[in-house]
Amino acid sequence: MVTIASDLVRQILNAAAGSPEAEVCGLLFGTDDAIEATQPCRNVADDPSRWFEIDPAALLAAHRAARGGGAEIVGWYHSHPSGQPVPSSRDAASAAPDGMLWLIAGGGDLRAWRAVANGPVEGLFEAVELEVLP
């Protein structure tokens, strides 16, 4: 189980709803069992209507900040504008079985996944229960 504050869920879902033509994306910070903060990032994918790529400058800056004592990156989020909040084959092609969290927004819902070796979904993801805190 992973916890997340309701205001963070609202921010992600509102961003997804506000971008019906392109996937939104961002970073997740916290621990293995708690998402404590998010950071929206620019989607620099060649075709942001079909996939996401987090701006490398934002990702590098977050890693540098973490090395300096800042919040740890525990995963990322993105949206599926015309799909469900389930990892796609394109998500699996971009994933590594590194235990990172993936939050996917789609159809007005947000679901959590963990990237693992031999996961039951697309061979790389397992569902994670997401507990939304008030």
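This is a chat about the fold of one protein chain and a few of its residues.

Q: Hi! What kind of model are we looking at here?
A: Hi! It is a predicted model, so please keep that in mind for each value we discuss.

Q: Okay. How many helices and strands does the protein chain have?
A: There are 3 helices and 8 strands in the protein chain.

Q: And what pattern do they follow along the sequence?
A: Reading along the sequence, you get β-α-β-β-α-β-α-β-β-β-β.

Q: Which strands does E1 join up with?
A: Strand E1, residues 2-5, is joined to strand E8, residues 130-133, by 4 bridges, and these two run parallel. E1 also has 2 bridges to strand E3, residues 34-41, and that pair runs parallel as well.

Q: Can we zoom in on Thr3? What is its bridge partner in E8, and what is it in E3?
A: In E8, Thr3 is partnered with Glu131. In E3, the bridge partner of Thr3 is Ala34.

Q: Changing topic: how does the radius of gyration fit with a compact globule?
A: The protein chain has a radius of gyration of 14 Å, and a compact globule with 134 residues would be near 14 Å, so the two agree. Along its principal axes, the C-alpha trace spans about 35 × 30 × 30 Å.

Q: What share of the residues is buried?
A: Of the 134 residues, 45% count as buried. As for the surface, the accessible area of the chain is about 6,800 Å², and 51% of that belongs to carbon and sulfur atoms.

Q: What about contacts between residues at least 24 apart?
A: If you take contacts between residues at least 6 apart in sequence, 59% of them join residues at least 24 apart.

Q: How many positive and negative charges are there?
A: The protein chain has 8 positive and 18 negative charges, and their mean positions are 5 Å apart.

Q: Let's pick some residues. Is Glu36 buried or exposed?
A: Glu36 is found in strand E3. It counts as exposed because its relative accessible area is 56%, and the cut-off for exposed is over 50%.

Q: What does Glu36 touch, leaving out residues up to four places away in sequence?
A: With those left out, Glu36 touches Leu8, Phe29, Gly30 and Thr31. Glu36 and Glu72 are 36 residues apart in sequence, with 9.8 Å between their C-alpha atoms.

Q: And Ser79, buried or exposed?
A: Ser79, in strand E4 (residues 73-79), is buried, with a relative accessible area of 1%. Not counting residues up to four places away in sequence, Ser79 touches Ala16, Ala22, Glu23, Val24 and Ala105.

Q: Where does Asp55 lie, and why does it count as buried?
A: Asp55 lies in the loop between E3 and helix H2 (56-67). It counts as buried because its relative accessibility is 16%, and buried means under 20%. Setting aside residues up to four places away in sequence, Asp55 touches Arg42 and Val44.

Q: Last one: which residues other than glycine have a positive phi?
A: Asn118 is one of them, with phi near 60°, and Glu122 is another, with phi near 55°.

Q: Where do those two lie?
A: Asn118 lies in strand E6, residues 109-119, and is exposed at 74% relative accessibility. Glu122 lies in the loop between E6 and strand E7 (123-128), and is partly exposed, with a relative accessible area of 43%.

Note on methods:
Residues are numbered from 1 along each chain as its sequence is written. This is a predicted model: local features need pLDDT of at least 70, side-chain atom pairs count only at pLDDT 80 or more; totals for chains, interfaces and linings use all residues. Side-chain values use heavy atoms; hydrogens and water are left out. Two strands pair if DSSP finds at least two bridges between them. The radius of gyration is taken over C-alpha atoms; the globule rule is 2.2 Å times the number of residues to the power 0.38. Buried means under 20% relative accessible area, exposed over 50%, partly exposed in between (1.4 Å probe, protein chains only). Contact means heavy atoms within 4.5 Å. Accessible areas come from the Shrake-Rupley method with a 1.4 Å probe; for residues, only the protein chains shown count as cover. Lys and Arg count as positive and Asp and Glu as negative; His and the chain ends are not counted. The place of a charge is taken as NZ of Lys, CZ of Arg, CG of Asp or CD of Glu.
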